[in-house]
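Colleague: I'm new to this one. Can you put it up and walk me through the pockets?

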Amino acid sequence: MKPTVNPTVEQLVERSNRLGADPKNTNYAGGNTSAKGTETDPVTGEDVELLWVKGSGGDLGTLTPGGLAVLRLDRMRALVDVYPGVDREDEMVAAFDYCLHGKGGAAPSIDTAMHGLVDAAHVDHLHPDSGIAIATSADGEELTRTIFGDQVVWVPWRRPGFQLGLDIAEIKEKNPQARGCILGGHGITAWGDTSEEAEANSLWLIDTAAAYIAEHTRAEPFGPALEGYAALPEAERRAKAAALAPTIRGIASADRPMVGHFTDAGVVLEFLGHAEHPRLGELGTSCPDHFLRTKVKPLVLDLPASASVEESIARLQELAVSYREDYQGYYDRNATPDSPAIRGKDPLIVLVPGVGMFSFGKDKQTARVAGEFYVNAINVMRGAEGLSSYAPIDESEKFRIEYWALEEAKLQRMPKPKPLATRVALVTGAASGIGLATAKKLASEGACVVIADLSLEKARAAAAEIGSADVAVGVQVDVSDGAAVEAALEATVLAFGGVDLVVNNAGLSLSRSLLETTEQDWDLQHDVMAKGSFLVAKAAAKAMIEQGMGGDIVYISSKNSIFAGPNNVAYGAAKADQAHQVRLLAAELGEHGIKVNGVNPDGVVQGSGIFASGWGANRAAVYGVEEQDLGKFYAQRTILKREVLPDNIANAVFVLCTDQLSHTTGLHIPVDAGVAAAFLR
Ligand SMILES: NC(=O)c1ccc[n+]([C@@H]2O[C@H](COP(=O)([O-])OP(=O)(O)OC[C@H]3O[C@@H](n4cnc5c(N)ncnc54)[C@H](O)[C@@H]3O)[C@@H](O)[C@H]2O)c1
Ligand SMILES: [Zn+2]
């Protein structure tokens, strides 16, 4: 039997995790590492020479043995003899499949040739900001010599692939003293005879470049400070960011809906506060990893920090039009008859001086990582401009990568998105009961969810139960307080770029007869449910209209909005108010593509805080049953004789928001297992 994990693999994974854990070494999911070693071939019983190399996708920091591609070295090396030349180098990727050992592990990436062909037992290919700064300096070759002498060799830009692997292999052979190389426009590759040596060489190269930049950089690499472009004070810039977010998300989503991420990191604000940022922004990013996620260049608002929200919105709309024209131009200039179709002309990075950066992607993680990559790119530009001048690769080369057949194939292999992918949901009262079940359902169907509830702690706990901050966040809100609702909307658009789906669920229930119902009882029921959902709908609709992406507002109303029973005047009247808001708003918001619908639950005992906090005991007393049997009692009253669970309500909300009900607005769906007295007519 084979040992479970080959020690070479163990070392490789540990080295990769160490390198990937420090963002100075490489961008998220960027770069790859490899090791060569032997294992017993189960077929022959003989030793077989293998290459383990990080496969396509995944991050070095969290790499596991399962993320490695495993290839036979003899076969990999034999590829050199059938290599048809640089024009057909892409064919070699398919040929890697014929070199796999056993099941081959993860899919080999485009960088596999570099690792396999370089004659070193351990190879690291990384994208450190410091290394790319040298790689994108106009005189990068000279700088490499100055900084590293003959220890590091300059490799002119070449698109990753088999030929780049051959180039680096040759360089290593001709420069036996070298510890690694700088890949023009792209990154670094370092090697060693042992895993320790490779890691030490990688770190030495990265740190030496960083130290050289720190010591030799000119004072203001981004030029002098720009009057009026400095960062706004924190509260002001976050308020402005929130006010602009829906418009900016709409711009980024003209071709396809996107989730957004916002950062006001110092690095970004400093970049935007200096004179050279428009020129540098226009030059775009250089490392393939960077521009695949950030698009070739960002959209930069050319107004000072003091510009009003209205002025900024008007200008952003103009810039969006020119960005799209510009991108179309880039496509038309570079596309060949066999290029894949244009993939959308909207920016993925939008920069607002004094405020920060909005980044976009098909989900929150992708959006966040796009922002991280632009921060990497800013660091690269600072380094390059500090020493020399920033000279990214040509746009034709960027195009060749962005619209590479292999890249297109990767995109085609992506799993079909979930039904609510890219949609940002705000669910009020979502720390408990029906709201929590709804938030979970929406998240499981691909939505990003904001859990808004009275207690921040409970809202956060509920969000954490659902997933990371890329999936769900918790915010505090009292929906009966207009300012608090505005703040919750701000938090929502800053968390995910905008809002598409609002569930007015927050509620409570006081079961009292008319004579027992106090004025305060009446006000509380109406403040939380009638006024609260009005306030939430109003704030959300404003953002939805600015986004121009349609939207869904769902009210969790009640059977009691239709059905009249005793001891329910304040609650039932407030529910009827909510139910009519559905119709009123459906009529009013339809022109913006916003659908407004309601769900009428009844008798949801399980998980309900309302039932647990007295209402259940009260109802049980009214009906003369034990409190714990209330769910079953309600079930027996229904036509279907089934107990209604929070998930049943959640499913109804989900269906209302999918494409399946794209033409339905102003509807209430009863989810009550059938109560004839509450039938809608
Ligand atoms: N449980 C049922 O049988 C039933 C039936 C019909 C309608 N509903 C409605 O469904 C909704 C959810 O009820 P549930 O049974 O899940 O109750 P629940 O008590 O479990 O959840 C309600 C949540 O709303 C929150 N909330 C209360 N006041 C708030 C405020 N001012 N601001 C923000 N959040 C606030 C609470 O903290 C709680 O987390 C309510 O609107 C309720 O009227 C419930
Ligand atoms: Zn690379």
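This is a predicted model: local features need pLDDT of at least 70, side-chain atom pairs count only at pLDDT 80 or more; totals for chains, interfaces and linings use all residues.

Colleague: How does the lining of the second largest pocket split by class?

Modeller: The lining of the second largest pocket has 23 nonpolar, 17 polar and 8 charged residues. Here Ala, Val, Leu, Ile, Met, Phe, Trp, Tyr, Cys and Pro count as nonpolar, Asp, Glu, Lys and Arg as charged, and the others, Gly among them, as polar.

Colleague: What counts as a pocket?

Modeller: On a 1 Å grid over the protein atoms alone, a pocket is an open set of points with protein on both sides within 12 Å along at least five of seven lines; a cavity is a set where a 1.4 Å probe fits but cannot get out; lining residues have an atom within 4 Å of a point.

Colleague: Which residues lie nearest the centre of the second largest pocket?

Modeller: Gly 507, Leu 508, Ser 509, Ser 608 and Ile 610, out of 48 lining residues. H22 gives the largest share of that lining, 8 residues. Helices (H or I, at least four residues) and strands (E, at least two) are DSSP runs, numbered from the N terminus.

Colleague: Where does ligand 1 sit?

Modeller: In the second largest pocket; that takes more than half of its atoms within 2 Å of the pocket's grid points.

Colleague: Which residues come nearest to ligand 1?

Modeller: Ser 432, Asp 453, Tyr 571, Ser 608 and Gly 609, of the 27 around it. Near means a heavy atom within 4 Å.

Colleague: What about polar contacts?

Modeller: For ligand 1, those are pairs of N or O atoms within 3.5 Å. The side chain of Ser 432 has an N or O atom 2.5 Å from a ligand oxygen. A polar backbone atom of Ile 434 is 2.7 Å from an oxygen of ligand 1. For Lys 575, a polar side-chain atom lies 2.9 Å from a ligand oxygen.

Colleague: Which element gives the largest share of the shell around ligand 1?

Modeller: H22, with 3 residues. By class, the shell has 13 nonpolar, 11 polar and 3 charged residues.

Colleague: New topic. What lines the largest cavity?

Modeller: Glu 89, Met 92, Val 93, Phe 96, Ile 110, Ala 113, Gly 161 and Phe 162. Helix H3 (residues 91–96) gives the largest share, 3 residues. The lining divides into 6 nonpolar, 1 polar and 1 charged.

Technical notes
Residues are numbered from 1 along each chain as its sequence is written. Chains are lettered from A and ligands numbered from 1 in the order in which they are written. Side-chain values use heavy atoms; hydrogens and water are left out. A polar contact is a pair of N or O atoms within 3.5 Å; within protein, one must be able to donate a hydrogen and the other to accept it, and residues adjacent in sequence count only if both atoms are side-chain atoms.
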